Amino acid sequence: MKLKLKLTKTLKRQLKESAVKQDLERNEYVIKELLNHIESKKSIWENKVEGYAEFLVSREENLLKLKESFEDSDIPLEEQRLRLKKYYNDNHMYREYTNKNRKLENLILNLEENQYYALQIIADDSQMTLESYAVTFLNYLIK
């Protein structure tokens, strides 16, 4: 599965410099560090990773049902927003907030399905999106 991260040019450059020190390409270095991090957090995701794909599908289906239930009802718009917000929070569906003023560059990583889901579970445990969690981890890695 592909993990698409939005990084600052400075962070991307720093990752490349760190990778060169270890005689690796930037993507290889980032994947190696992410996999080490996943392994160190094994207690968080180990029991959950097998059924995670089915969980994601059921979560999206339930969200769709909730939105469809709003179409036929006279629930006020503000009440609908509150219910959606509660559903997002209860199901660890965090919104991504991006600083639009900064120019960000893409870094696309190819991960195996279980690695991707393990990282997603770790991010959910930290109450962050997968992308923001990975970028935060890379920032701490460089410092």
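Modeller: Let us begin with helix α5, where R83 and E79 are four residues apart and therefore separated by about one helical turn. Please keep in mind throughout that this is a predicted model.

Colleague: What makes R83 and E79 a salt bridge?

Modeller: The closest N and O atoms of R83 and E79 are 3.1 Å apart, and because the cut-off is a side-chain nitrogen of Lys or Arg within 4 Å of a carboxyl oxygen of Asp or Glu, the pair qualifies as a salt bridge.

Colleague: Why are R83 and E79 called partly exposed?

Modeller: R83 has a relative accessible area of 37% and E79 one of 31%; since buried means under 20% and exposed over 50%, with partly exposed in between, R83 is partly exposed, and E79 likewise counts as partly exposed.

Colleague: Which residues are linked with K42 in a network of salt bridges?

Modeller: The network links K42 with E39 and E46. Between K42 and E39 the closest N and O atoms are 3.6 Å apart, and because the limit is 4 Å, this contact is counted as a salt bridge. K42, with a relative accessible area of 29%, is partly exposed, and E39 is partly exposed at 46%. The count for the model comes to five salt bridges.

Colleague: What makes V135 buried?

Modeller: V135, which is found in helix α7, has a relative accessibility of 17%, and because buried means under 20%, the label applies. Buried residues make up 35% of the 143 residues in the protein.

Colleague: Which residues have the most contacts inside the largest nonpolar core, and which element supplies the largest share of this core?

Modeller: The core has 31 residues, and those with the most contacts inside it are L3, L5, L7, V30, L109, L119 and L138. Several elements each supply at least two of its residues, among them β1, β2 (104-110) and α7 (130-142), while the largest share, seven residues, comes from α6.

Colleague: Which residues form the positive surface patch?

Modeller: The patch is formed by K4, K6, K9, R13 and K103, and the elements giving two or more residues to it are β1 (2-8) and α1 (9-21). R13 lies in helix α1 and is partly exposed at 44% relative accessibility; because patch residues need over 30% relative accessible area, R13 meets that requirement.

Colleague: How many helices and strands does the protein have, then?

Modeller: There are seven helices and two strands, running β-α-α-α-α-α-β-α-α from the N terminus on, and the C-alpha atoms fill a box of roughly 60 × 40 × 20 Å along the principal axes.

Conventions: Residues are numbered from 1 along each chain as its sequence is written. This is a predicted model: local features need pLDDT of at least 70, side-chain atom pairs count only at pLDDT 80 or more; totals for chains, interfaces and linings use all residues. Side-chain values use heavy atoms; hydrogens and water are left out. Patches are made of residues with over 30% relative accessible area and no salt bridge: like charges are joined within 9 Å, nonpolar side chains (Val, Leu, Ile, Met, Phe, Trp, Tyr) within 5 Å. Accessible areas come from the Shrake-Rupley method with a 1.4 Å probe; for residues, only the protein chains shown count as cover. Lys and Arg count as positive and Asp and Glu as negative; His and the chain ends are not counted. The place of a charge is taken as NZ of Lys, CZ of Arg, CG of Asp or CD of Glu. Buried means under 20% relative accessible area, exposed over 50%, partly exposed in between (1.4 Å probe, protein chains only). A nonpolar core is a set of buried Ala, Val, Leu, Ile, Met, Phe, Trp, Tyr and Cys residues joined through side-chain atoms within 4.5 Å.
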